Amino acid sequence: MLPLILFFIFAALCVGGAINLLVQKHPINSALSLIVVMGSLALIYLLLGAEFVAAVQVIVYAGAVMVLFVFVIMLLNAGVEERTEHASRVAMVLGVPGLIIGLSLAVWVVSHLAGLDCIAIGGPMVMNGSDVFGNPQAIGHLLFRNFLLPFEVTSILILIAIMGAVVLARREE
Amino acid sequence: MVPLSYYLVLSAILFACGVAGFLIKRNIITIFLSIELMLNGVNLSFVAFAAQLKSLDGHIFVFFVMVVAAAEAAVGLAIIISVFRTRETLNVDRVNLLKL
């Protein structure tokens, strides 16, 4: 019962933050409500037994990426979103049906997947007799054995992204 | 016990909010935030299926999605800064040419 209550609390926070992101006019308010969404998602990951993913969600997403966003918003001194008459009407015409289609897909998922097995949460998930499911040790084992090549390619991707960011944001003489 | 479908519905709602924000918003930074919201929605369904199938592969996928999102945020924000330097605006309707 307790996991269900916790799930509903954090799911409500998530959806509230996502809707607030849409409603707010100022980008800094949208960025802060996205941080709320990410923080409550991290707690939902903990409910699912994904300890490592929850920690990375807080450190990398809510920490590093969102700090970068907030820095850029303040650096550019971004004000209230300005409206363009014609184009925003077109976007509304496309965006509201997009939301409705997404939500009806959600309803479809509910009506078709309600019979699936329940996920056992609220206790440590036992894997191979000893390890707790989703702890950093198990993830590291998998990451450095089975996924070693993708992991190393990832480091090259990050390096290229850093160099690209420096080159793109450089002030031209 | 929380059914898998609840997690999937939450994931779908987050993704739909991201799509709607991407289409409705006119500020380039808010559009970028909507993309991050969509990525988070997808990550949630990865983790939910990983718990359902008792497999850690979903967590690895989430890890790689986060890496790509971090790289994308760095490059994308650098592009936004460089666009703002030349155009002095963040409205995507005024940034309708790729050339500077």
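How many Å separate the centres of domain 1 of chain A and domain 2 of chain A, taken over C-alpha atoms? I looked this up first, and the answer is 21 Å.

**Entry: ground rules**

I am working on a predicted model, where local features need pLDDT of at least 70, side-chain atom pairs count only at pLDDT 80 or more, and totals for chains, interfaces and linings use all residues. Residues are numbered from 1 along each chain as its sequence is written, while chains are lettered from A and ligands numbered from 1 in the order in which they are written.

**Entry: chain A**

I noted the two domains: domain 1 is 1-78 and domain 2 is 124-173. These bounds come from an automatic or database domain assignment. Chain A has six helices and three strands. Helices (H or I, at least four residues) and strands (E, at least two) are DSSP runs, numbered from the N terminus. I read the pattern as α-α-α-α-β-β-β-α-α. Of its 173 residues, 24% count as buried. Buried means that 20 or more other C-beta atoms lie within 10 Å of the residue's own; exposed means 12 or fewer, partly exposed is in between, and C-beta atoms are placed from the backbone.

**Entry: chain B**

Chain B has three helices and one strand. Its pattern is β-α-α-α. I checked its spread next. The radius of gyration is 17 Å, well over the 13 Å that the globule rule gives for 100 residues, so chain B is more spread out than a compact globule. The radius is taken over C-alpha atoms, and the rule is 2.2 Å times the number of residues to the power 0.38. The C-alpha trace spans about 55 × 25 × 15 Å along its principal axes. I found 56% of the 100 residues of chain B counted as buried.

**Entry: where the chains meet**

Two residues are in contact if their C-beta atoms, placed from the backbone, lie within 7 Å.

**Entry: the core**

I then looked up the largest nonpolar core, which has 71 residues. Such a core is a set of buried Ala, Val, Leu, Ile, Met, Phe, Trp, Tyr and Cys residues joined through C-beta atoms within 7 Å. Tyr45(A) and Leu14(B) are among those with the most contacts inside it. H1(B) gives the most to this core, with 15 residues. Domain 1 and domain 2 of chain A both give residues to this core, so the core lies between them. I listed what Leu14(B) touches, not counting residues up to four places away in sequence: Cys14(A), Ala18(A), Leu37(B), Asn40(B), Gly41(B) and Leu44(B).

Why is H1(B) called largely enclosed by the rest of the structure? It is because 18 of its 21 residues are buried. I also checked its length: at 1.5 Å a residue H1(B) should span 30 Å, and its end C-alpha atoms are 30 Å apart, which agrees. The expected span is 1.5 Å times one less than the number of residues.

Phe63(B) lies in helix H3 of chain B. Phe63(B) has 23 C-beta neighbours inside 10 Å, so it counts as buried. Its C-alpha atom is 29 Å from that of Ile24(B), 39 residues apart along the chain.
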